[in-house]
Amino acid sequence: MNTSSTPKILWICFLFMALWGYGQEIALSEPLETVLEKLERSEGIRFNYDPALLEGVTLPPPSPGMGREALLEYLSGQTGLEFRPVGDNIIAIVRNRIRVCAYLKDKDTSEPISGATILAQDKAVISDPQGYFEITVTGADPMLEIRHMGYRTLKRAAGFFQSGSCGTVYLIGEILQIPEVVVSGFLIRGIDKMDDGAFQMNLDEFSLLPGLVDKDVLQAVQALPGILSANEKVSDINIRGGTHDQNLILWDGIKMYQSGHFFGLISLYNPQITQKVTLRKNGTPAAFSDGVSGTISMETQQGVTRDFFGSVGVNFIDASLFADVPISDQSSVQLAGRKAINPWVETPTYTAYYDRISQDTELTSQDAQGDASDIGFDFYDLSLRWLYTPTDKDRIRLNFITAFNEVSFDETAAGLQGASPRESQLSQSTIAGGLHYYRKWSPRWATEFDAYNTDYALEGTNSNVLQDQRFLQENKVSETGVRLQVRHGRGPLEYALGYQYQETKVSDLDDVDNPVYIRRQSRVLRSQALFGQLGWASAGGRTHLNLGFRGTYLQKFNRLIWEPRLSFNQELAPGLTLEILSELKHQTTSQIVIYQDDFLGLEQRRWQLTDNDEIPLIQGFQSSAGLTYSRKGWLLHAEAFYKEVTGITSQSQGFLDAYRFVQADGSYDAYGAEFMVKKRYGRWDAWASYSYLESSYSFPGLPEESFPNNLDITHTVGSGITYAAPQFLVSGGLTWHSGRPFTLALPGNTASQGPILYDIANGARLPDYLRLDVSALYRVSLGTRARMELGASLLNVLNRQNPVNQYYRRNATNQVEAVLQNALGLTPNALLRLTF
């Protein structure tokens, strides 16, 4: 670690203060109440108002010398309130009420659209059989959202509808069974539960989760019941007892094989360009394969922007930028990027992350092999998108994403005078691109075409100074995929048919220069699939059924796999719904741990491809049933599930005991239940969740055929409370779970070089995990469009030591010692972001 970081920290603090001062200087905004008090003194007038109307309202003070009429117009335009004269020198302040009305029609057929939902602020109305709706809203120009199954959601400001009379608004048909929201704000604002069993996160509407000062996609999904990371890394998310490689991660339809920066501590995906995240634990549509435990699908903005939007920000880990640039009425470009700031300044957050990631790795080794020095971490990511809508019936999207992580250090032989240091380094990189084309041929027919290529590389060079040896390791994945879907129908019954082709290549390299040893291995697998999906909704919208079937042919093994999918949602009573989900899935890739010191000990997992023999095909079955009750601000949710996954290998589970170097095939099952209760009161959201899990392995080739899963965390409790106002958000939460299993070493081990003797597999448990997190965010208006965000957060406020792993090894004197790895300690973070 760099001991000269103090001047840098002082410099960055000075920079923050300068930016804050600059923001204050250009803002010139004051609370409305202060402005009114000054006007009462200078203009000799009196304002009558409800103090609650002025809460959180700021504006630049009006210029001196304004006339009375111009002054009231200025105040109204800046605040969205109505300033109404009720006497010679008395001004009443009331909410600006706007009556909005329109007739909704189908753009292709001009037929009225009845049953559409129009949302505005805290109100909602339904269009009548003639497509007519009427709603009264308050504010300067509030947003309205129009939703209807089978049509593209329309979002417009209230001013869009004001034309002197109730005009006609046309909705564009979407030949796609759009899931409807069952519960809005499932956990906090911006997280919704859909009728097909999915959880959807709209990052534009996201409020704040405990411990997150900046939005992090893969951290946010862990707030939902049944999902956690046993070792606190976003690159190791566990869904109902499954390992991270059993999750399908998609970014705009592109399959991703890397998910984290800083070797797993923060998400790879820039939240500034990611608009929507869909999480599925079960009931996956037939268009998706892989991911026997779950699917995390990230989507960016679908529509072409008409106005420029940009943001720049910095927190204690990285600096970021985002730009959404219109090119024409039919085309726009989006650019987003992030870069680590630790090459210039080492913040307390970086120090905490470094201490967490470097535990028991060559970065901290100080033994007979050598000492590490001049350690450097770096990462960046870049996303680029081009959107083009040549006609109302065509949408084209090109996506590109690249990401890079690197750590390097010099190693010097301990006690060897005059020896030159040698550099060791480890890097992870991803580069991927995709094409999406949607064509609406008629009101009932549409096609979707997707093509992508993704390349992932993990490369490490380990220099052994004492033995004058260089060890090079590589693990690479290259995948190309094409998918075509044909959709038909609008209204209660819709179906889709599709074809998918996928080619995956995985290669490994181990290269030693002294003595010379080279092992290179490469596998390629091609698959073709046909799938179909049927969606049906009852006339009143109380019943939703989705049936899917997928047939996949693995060309190399001449093997055909059939997989049905089901999601069913039934409204039993107002606010009470029943949900049943089930699926069969398979996956051809998995991650294995060959040696714990692979890739300098920082990253031990390599991707591998099934050979249908020693590396079996992974297949999973899931089924679940749940009830959800949402009424008058209360939300109650309960769900029971059963899951079975076959075709796993012992090396994919990361054993650290007697089975560490054993290769065996097996399976695991998991069953349990998840519960959640939440109450919304005004701007407050409070929730508590509990998950119960029982999961065990079955390895017929091992001496102990059945024993607890490494991820069998039986009890998990999460709770939190969030306050969300337009300008200020604050959140706090507590996470507790029982300890994960591990295997004890027997006390009879002697000081020899023989193997360590172990007790029964996973017969012991780590101590319970407990973490308290808080976060706050403040938004300052800098004018009509610009805004500044200031935030701060604390992870593990109690600075509690939370062990996440324990294993045994022999030390330099051949004594057996226990190695304990802890989670993050007290970790602060701060955010400054400007949007314009």
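## Basis

Buried means under 20% relative accessible area, exposed over 50% and partly exposed in between, with a 1.4 Å probe and protein chains only. The model is predicted: local features need pLDDT of at least 70 and side-chain atom pairs count only at pLDDT 80 or more, while totals for chains, interfaces and linings use all residues. Residues are numbered from 1 along each chain as its sequence is written, and side-chain values use heavy atoms, with hydrogens and water left out.

## Aromatic pairs

Rings of Phe, Tyr and Trp (its six-membered ring) pair if their centres lie within 6.5 Å; planes under 30 degrees apart are stacked, over 60 edge-to-face, and the rest tilted. This rule gives 26 aromatic pairs. For Tyr-758 and Tyr-808, the ring centres are 6.4 Å apart and the planes stand at 70°, so the pair is edge-to-face. Tyr-758 is in the loop between β47 (741–742) and β48 (764–765) and Tyr-808 is in strand β51 (residues 803–810), so the pair ties together parts 50 residues apart in sequence. Strands are DSSP runs (E, at least two residues), numbered from the N terminus.

Tyr-808 is buried, at 10% relative accessible area, and Tyr-758 counts as buried at 17%. One aromatic cluster is formed by Phe-262, Phe-263, Tyr-350, Tyr-353, Tyr-354 and Phe-377.

## Charges over rings

A charge sits over a ring if NZ of Lys or CZ of Arg is within 6 Å of the ring centre and within 35 degrees of the ring normal. The charged end of Arg-240 sits over the ring of Phe-641, 4.3 Å from its centre. Lys-193 lies over the face of Phe-199, 5.3 Å from the ring centre.

Notes:
Helices (H or I, at least four residues) and strands (E, at least two) are DSSP runs, numbered from the N terminus.
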